[in-house]
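Me: I've just opened this model and I'd like to go through it piece by piece. Please take me from single residues to the whole chain.

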Amino acid sequence: DINHYCLSDRLCPEAPIPILSVARTEPKAGGAGLVAANLRSLGCDVLEHYGSFSEKERYWVGHHLVSRVDRDSYHVEPTGEQAEHLKPRIAETDLIVISDYCKGAMDWNLARLLITSGKPTFVDTKGIHPEWYKDCFALFPNRQEYELLRGQEHLFQHIVLKLGEEGCKLDGVLVPARK
């Protein structure tokens with residue numbers, strides 16, 4: 001992800017949008033890269049594999065996001081090749097974290113290979129294919145994704161409902177965010 005922090009003191013004459021002057025640009029890990037960085041910050045050794053690459057550019061004026069430019073799935077590794085590449089790497093891991101943002105890098109076969117590996121598997125997905133992740137150790141939907149799962153909660157060992165600043169609910173029990 002790339003964040004552009006901008007100044008703006010006038011509107012564009014061609015359209016009612018702000019003219020931005022970039023004051024500072026900060027690249028940072030996003031998506032699965034952010035998950036890996038967070039795990040490292042907790043002291044975990046992380047073995048990463050990315051099946052697709054995307055880029056988000058956000059333009060900020062003060063605390064207001066005024067534009068976002070997405071370059072989604074600009075490289076997607078075929079899932080069959082990923083499965084073959086991952087089989088020996090799975091043996092090296094204690095657990096698996098899947099960040100499936102539905103950019104084309106995951107399919108049924110790859111998901112099932114990971115879920116049935118015998119390793120505890122934690123899944124954050126956009127929720128389009130919940131059956132792919134049946135029997136995972138923990139699924140991490142946000143509120144909107146959780147609504148799509150209604151009636152299918154039994155497919156997962158645990159559900160961690162992400163509630164943003166409020167914290168999360170682990171199997172229905174509120175775990176407040178640290179302030």
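Me: Let's start with K56: buried or exposed?
Reply: Quick note before that: this is a predicted model, where local features need pLDDT of at least 70 and side-chain atom pairs count only at pLDDT 80 or more, while totals for chains, interfaces and linings use all residues. Residues are numbered from 1 along each chain as its sequence is written, and side-chain values use heavy atoms, with hydrogens and water left out. K56 comes out at 12%, so the label is buried.

Me: What distance, N to O, goes with the salt bridge of K56 and D72?
Reply: A salt bridge here needs a side-chain nitrogen of Lys or Arg within 4 Å of a carboxyl oxygen of Asp or Glu. D72 is partly exposed, at 35% relative accessible area. The side chains of K56 and D72 meet in such a bridge, and N to O they are at 2.6 Å.

Me: How many residues apart are K56 and D72?
Reply: First, the elements: helices (H or I, at least four residues) and strands (E, at least two) are DSSP runs, numbered from the N terminus. K56 and D72 form a salt bridge. That pair links distant parts of the chain, since K56 is in strand 3 and D72 in strand 4, and the gap is 16 residues.

Me: Which strand holds D70, another salt-bridge partner of K56?
Reply: D70 is partly exposed, at 32% relative accessibility. Its closest O atom and the closest N atom of K56 are 3.8 Å apart.

Me: Which residues are linked with K56 in a network of salt bridges?
Reply: By this rule the count of salt bridges comes to 14. K56 bridges to D70 and also to D72. The linked network contains K56 together with R68, D70, D72 and K103.

Me: Which parts does the salt bridge of R71 and E55 tie together?
Reply: The closest N and O atoms of R71 and E55 are 3.1 Å apart. R71 lies in residues 64-76 and E55 in residues 52-61, so the pair, 16 residues apart in sequence, ties together strand 4 and strand 3. R71 has 38% relative accessible area and E55 has 23%, so the label for each is partly exposed. To repeat the names of the tied parts: strand 4 and strand 3.

Me: What is the phi of C102, about?
Reply: Most residues other than glycine have a negative phi. C102 sits in the loop between strand 5 and helix 3, and with 30% relative accessible area C102 is partly exposed. Although C102 is not a glycine, the phi is positive, about 60°.

Me: And where is D135 found?
Reply: D135 isn't a glycine either, yet has a positive phi of about 75°. With a relative accessible area of 41%, D135 is partly exposed. Its place is the loop between strand 6 (121-125) and strand 7 (138-139).

Me: Which residues does V123 touch?
Reply: Contact means heavy atoms within 4.5 Å. V123 is one of the residues with the most contacts inside the largest nonpolar core. Not counting residues up to four places away in sequence, V123 touches I98, I115, Y133, C136, A138, L139 and F140.

Me: How many helices and strands does the protein chain have?
Reply: From the N terminus, the order is β-β-α-β-β-α-β-α-β-β-α-β-β-β. Of the 179 residues of the chain, 31% count as buried. The totals are 4 helices and 10 strands.

Technical notes: A nonpolar core is a set of buried Ala, Val, Leu, Ile, Met, Phe, Trp, Tyr and Cys residues joined through side-chain atoms within 4.5 Å. Buried means under 20% relative accessible area, exposed over 50%, partly exposed in between (1.4 Å probe, protein chains only).
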